[in-house]
Amino acid sequence: MSSSDTVPETGLSTGLSLRAVGAGLLAALVGYASSVAVVIHGLTAVGASTEQVVSGLVLLGFAMGLTAMGLSLHRRKPISIAWTTPGMALLAATGAVEGGFPAAVGAFVVTGVLIVLAGLWAPLGRWIAAIPKPLANGMLAGILLKLCLAPFLAVSQAPGMALLVLATWALVGRVARLYAVPAAVAVALGALALDSSSGLAGGAALSGALWPGVTFVQPVFTWEAMVGIALPLFVVTMASQNIPGLAVLATYNYTPPTRPIFLATGAASALTALGGAPTVNLAAITAALCASPDADPNPARRWQAAFVGGIGYILFAGLAGVTAVMVTRSPPILIEAVAGLALVGAFGAALMGAVQVEANRTAALVTMLVTASGLSFAGVGSAFWGLLLGGAVHLLYWRPTVSQPAK
């Protein structure tokens with residue numbers, strides 16, 4: 001039974017909670033500022049133009065916002081929605097596929113359809129959950145490894161700016177870890193805006209970006225994009241976002257039914273993909289901001305935090321043009337560095353989950369190393385081959401557990 005089921009809906013519980021409003025706005029701010037560079041980097045890696053990146057960000061804001069508002073209001077639970085940050089790291093690691101960005105958009109559409117099927121057909125969700133966690137974590141760690149190295153590689157190419165960003169991240173993280181990445185992003189963009197060589201000084205590059213638009217992308221469905229992007233993106237989204245998101249909610253005694261969540265996020269993902277937007281899903285990290293007692297002492301009012309967080313994401317959609325122009329016109333290594341800092345925590349958690357159980361360690365490491373290698377065969381990216389080869393090693397090393405007879 002969820003905590004919102006155990007607390008009666010009194011007048012107090014249904015009134016507006018200012019703490020919940022504050023928590024929701026904070027969740028949207030942290031979620032957007034800490035990983036928008038990852039999203040932009042992932043979209044440009046698979047071939048999106050600046051206009052298509054802007055379109056994707058606009059539709060992502062509305063997809064996240066409207067689904068969070070609808071689900072939290074309907075279920076009266078703090079159901080927070082976010083973009084798939086690990087999935088965006090997957091796109092950055094995969095790079096362009098045959099067919100260009102239209103093929104990537106086709107993969108986004110299929111990913112959304114697969115999430116809908118996971119809501120309609122329970123066995124599909126169970127199959128994803130049945131993937132050994134060390135292998136899923138190994139694949140995620142392999143995807144994130146290259147990006148997490150970028151902050152330190154940036155020191156050799158842009159030492160002054162990279163060291164400033166690293167120092168900001170470390171010092172702010174020492175005091176308030178939640179604000180470390182947003183502070184690093186702010187410092188990086190501020191330094192670029194003041195740097196005359198970056199093309200952003202004076203704000204001339206931002207003219208015309210204040211009114212973002214939506215661009216339709218005709219999807220193309222190719223075998224390479226289906227196997228190299230759609231299937232790994234679906235697995236990463238389910239294993240690294242939806243399942244942990246449900247676990248976070250369960251930590252605070254919220255157990256919403258999964259079917260409406262998967263149906264809503266999958267349908268929103270498939271629809272907005274036609275404008276270049278990738279997948280949306282349950283939030284994991286920022287979900288705790290809305291579901292914890294910090295949002296409101298009364299569990300029955302915490303849904304308001306997720307609802308307001310949705311409003312925040314819609315408001316941030318209006319900044320898509322400015323954000324995309326600033327990030328895409330910045331030195332690529334610096335943007336990779338900021339994106340890598342946003343993923344350090346996720347990489348550490350994935351690595352620990354991959355190697356924690358000794359019996360599964362070899363298979364998990366094979367999965368991670370193959371994925372990190374960038375191996376591409378038959379047009380299919382390394383994430384698929386990492387999971388496939390790691391799964392083969394897992395089966396090779398697997399030993400059935402023999403129960404001991406009772407004495």
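A: Let's start right at the crossing: in this predicted model, helix α5 passes helix α8 in a left-handed crossing. Helix α5 covers residues 85-94 and helix α8 covers residues 133-157. Two packed helices are described by the angle between their axes and the distance between the axes. For this pair, the angle is about 65 degrees and the axes are 9 Å apart. That angle makes α5 roughly perpendicular to α8, because angles of 65 to 115 degrees count as roughly perpendicular.

Which residues do the touching? From α5 come Pro-86, Ala-89, Leu-90, Ala-92 and Ala-93, and they meet Leu-140, Ile-143, Leu-144 and Leu-147 of α8. Sorted by class, this contact between α5 and α8 has 9 nonpolar residues, with no polar and no charged ones.

Now stay with α8 and look at another of its residues. Ala-154 lies in this helix. Ala-154 counts as buried because its relative accessibility is 1%, and buried means under 20%. Setting aside neighbours within four places in sequence, Ala-154 is in contact with Pro-159, Ala-162, Ile-333 and Ala-337.

Helix α3 (residues 18-45) and α5 have axes that come within 7 Å and cross at roughly 35 degrees. The crossing of α3 and α5 is left-handed. On the α3 side, the contact is made by Ser-35, Val-38, Val-39, His-41, Gly-42 and Ala-45. On the α5 side, the residues are Thr-85, Met-88, Ala-89, Leu-91 and Ala-92. By class, the contact of α3 with α5 divides into 7 nonpolar, 4 polar and no charged residues. If you compare the two lists for α5, you will find Ala-89 and Ala-92 in the contact with α8 and again in the contact with α3.

A further helix pair gives you another geometry to look at. Helix α4 (residues 50-75) and helix α12 (residues 258-272) pack at an angle of about 160 degrees, and their axes are 10 Å apart. So α4 is roughly antiparallel to α12, since angles over 145 degrees count that way. The crossing of α4 and α12 is right-handed. Helix α4 brings Leu-59, Ala-63, Thr-67 and Leu-71 to the contact, while α12 brings Pro-260, Ile-261, Ala-264, Ala-268 and Thr-272. This contact of α4 with α12 has 7 nonpolar and 2 polar residues, and no charged ones.

Next, follow the chain beyond these two helices. Thr-279 is found in the loop between α12 and β2 (280-282). With 0% relative accessibility, Thr-279 counts as buried. Apart from neighbours within four places in sequence, the contacts of Thr-279 are Leu-60, Trp-83, Thr-84, Thr-111, Ile-115, Leu-233, Thr-237 and Ser-269.

The loops also hold some backbone angles to look for. Most residues other than glycine have a negative phi, and most peptide bonds are trans. Arg-76, in the loop between α4 and β1 (81-83), has a positive phi, near 55 degrees. Arg-76 is partly exposed, with a relative accessible area of 31%. Asn-253 sits in the loop between α11 (223-251) and α12, and its phi is also positive, at about 70 degrees. At 46% relative accessibility, Asn-253 counts as partly exposed.

What about charged side chains that pair up? The count comes to 1 salt bridge. In it, Arg-301 and Asp-296 meet at 3.2 Å, N to O. Both Arg-301 and Asp-296 are buried.

Finally, step back to the whole protein. It contains 18 helices and 2 strands. Of its 407 residues, 54% are buried. Among contacts with a separation of 6 or more, 83% join residues 24 or more positions apart.

Methods
Residues are numbered from 1 along each chain as its sequence is written. This is a predicted model: local features need pLDDT of at least 70, side-chain atom pairs count only at pLDDT 80 or more; totals for chains, interfaces and linings use all residues. Side-chain values use heavy atoms; hydrogens and water are left out. Axes are lines fitted to C-alpha atoms, for helices over the stretch in contact, and angles run from 0 to 180 degrees between N-to-C directions. Helices (H or I, at least four residues) and strands (E, at least two) are DSSP runs, numbered from the N terminus. Angles under 35 degrees count as roughly parallel, over 145 as roughly antiparallel, 65 to 115 as roughly perpendicular and the rest as oblique. A crossing is left-handed if the near helix is turned anticlockwise from the far one by less than a right angle, and right-handed if clockwise. Contact means heavy atoms within 4.5 Å. Ala, Val, Leu, Ile, Met, Phe, Trp, Tyr, Cys and Pro count as nonpolar, Asp, Glu, Lys and Arg as charged, and the others, Gly among them, as polar. A salt bridge is a side-chain nitrogen of Lys or Arg within 4 Å of a carboxyl oxygen of Asp or Glu. Buried means under 20% relative accessible area, exposed over 50%, partly exposed in between (1.4 Å probe, protein chains only).
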